Every structure is written in C-alpha cells, then in structure tokens.
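I opened the model to look up a few local features. My notes follow in the order I took them.

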Amino acid sequence: MESLECPKTEKCPIFNGILKGTTYTEVYKKQFCLAGEAGRNKCKRFLVATKVGKCPPNILPNSMKSVDEIIEEMKKNGDI
Ligand code: SF4
C-alpha cells in the first residue's frame, strides 16, 4: 500500500528545521506531507527537490512562487 507520508519528511524543515512547530506546520503536514502522492505533488518543496535534488529551507509547501522561479533563484544564489 502506498505510504501517505512524504519520503522527504526526515530532512524537511517542516519536520526538522525552521518550519517545525509554527502555527501552520500541522496544516501543512495534513495538506501536503501526510496526504499521499496527491498531497506531495502539490508541495513546492517536494517538486523543487524532485527536480534539482534540494530546496531552500525557507520555501513553504504552498509558496506563491512557481517551481521554475524557485529554481531560477537557486541558480542566481549559487545554490545549484
Ligand atoms: S513539506 Fe513537502 S517535501 Fe517536506 S515533507 Fe512535506 S510534502 Fe514532503
């Protein structure tokens, strides 16, 4: 059976970093991280990391930026 939990939870700031324990953390978890493939496929963090192998820690799952915009910024900042 498909796991409902995102495979990136261990290293994700939502669970183990700067986004842990904020007001919205539980909402994010429910909506994105623990909602199966459909949930994580809406998560900007997951989509960026799937494409380029990582995602800046301050990007929210529901970031207004597009995946391409986030990746462009990472390139500009020398992150990738
Ligand atoms: S925020 Fe996104 S990448 Fe992080 S655990 Fe949740 S679904 Fe996965």
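**Ground rules.** I am working from a predicted model, where local features need pLDDT of at least 70, side-chain atom pairs count only at pLDDT 80 or more, and totals for chains, interfaces and linings use all residues. Residues are numbered from 1 along each chain as its sequence is written, and side-chain values use heavy atoms, with hydrogens and water left out.

**Aromatic rings.** I looked up ring pairs first. Rings of Phe, Tyr and Trp (its six-membered ring) pair if their centres lie within 6.5 Å; planes under 30 degrees apart are stacked, over 60 edge-to-face, and the rest tilted. The count comes to two aromatic pairs. Y24 and Y28 have ring centres 6.4 Å apart and planes at 45°, so I logged this pair as tilted. Y28 and F32 are also a tilted pair, at 6.3 Å centre to centre with 50° between the planes. Y24, Y28 and F32 form one aromatic cluster.

Buried means under 20% relative accessible area, exposed over 50%, and partly exposed in between (1.4 Å probe, protein chains only). Y24 is exposed at 52%. Y28 is buried at 8%, and F32 is buried at 4%.

How far apart are Y28 and F32 in helix 2? They are four residues apart within residues 25-33, so about one helical turn separates them. An α-helix has 3.6 residues a turn, so residues three or four places apart point the same way. My helices are DSSP runs (H or I, at least four residues), numbered from the N terminus.

**Ligand shell.** F32 turned up again here. It is one of the residues around the ligand, along with C6, T9, C12, I14, F15, C33, R40, C43, R45, F46 and P61. A residue is near a molecule if one of its heavy atoms lies within 4 Å of it. Helix 1, helix 2 and helix 4 each give two or more residues to this shell. By class I noted nine nonpolar, one polar and two charged residues. Here Ala, Val, Leu, Ile, Met, Phe, Trp, Tyr, Cys and Pro count as nonpolar, Asp, Glu, Lys and Arg as charged, and the others, Gly among them, as polar.

**Helix 4.** Which residues of helix 4 are buried? Within residues 44-52, I listed K44, R45, F46, V48 and A49. Their cover includes helix 1 (13-16), helix 3 (36-40) and helix 5 (67-76). Just after helix 4, G53 takes a positive phi of about 90°.

**Single residues.** T25 lies in helix 2 and is buried at 2% relative accessibility. Contact means heavy atoms within 4.5 Å. Leaving aside neighbours within four places in sequence, T25 is in contact with I14, L19 and K20.

K30 is in helix 2 too. Buried or exposed, I asked of K30? K30 is exposed, with a relative accessible area of 69%. K30 and E5 are 25 residues apart in sequence and 9.8 Å apart in space, C-alpha to C-alpha.

M74 is in helix 5. M74 is buried, with a relative accessible area of 1%. Leaving aside neighbours within four places in sequence, I found M74 in contact with V48, V52, K54, C55, P56, D79 and I80. From M74 to E26 is 48 residues in sequence and 27 Å in space, C-alpha to C-alpha.
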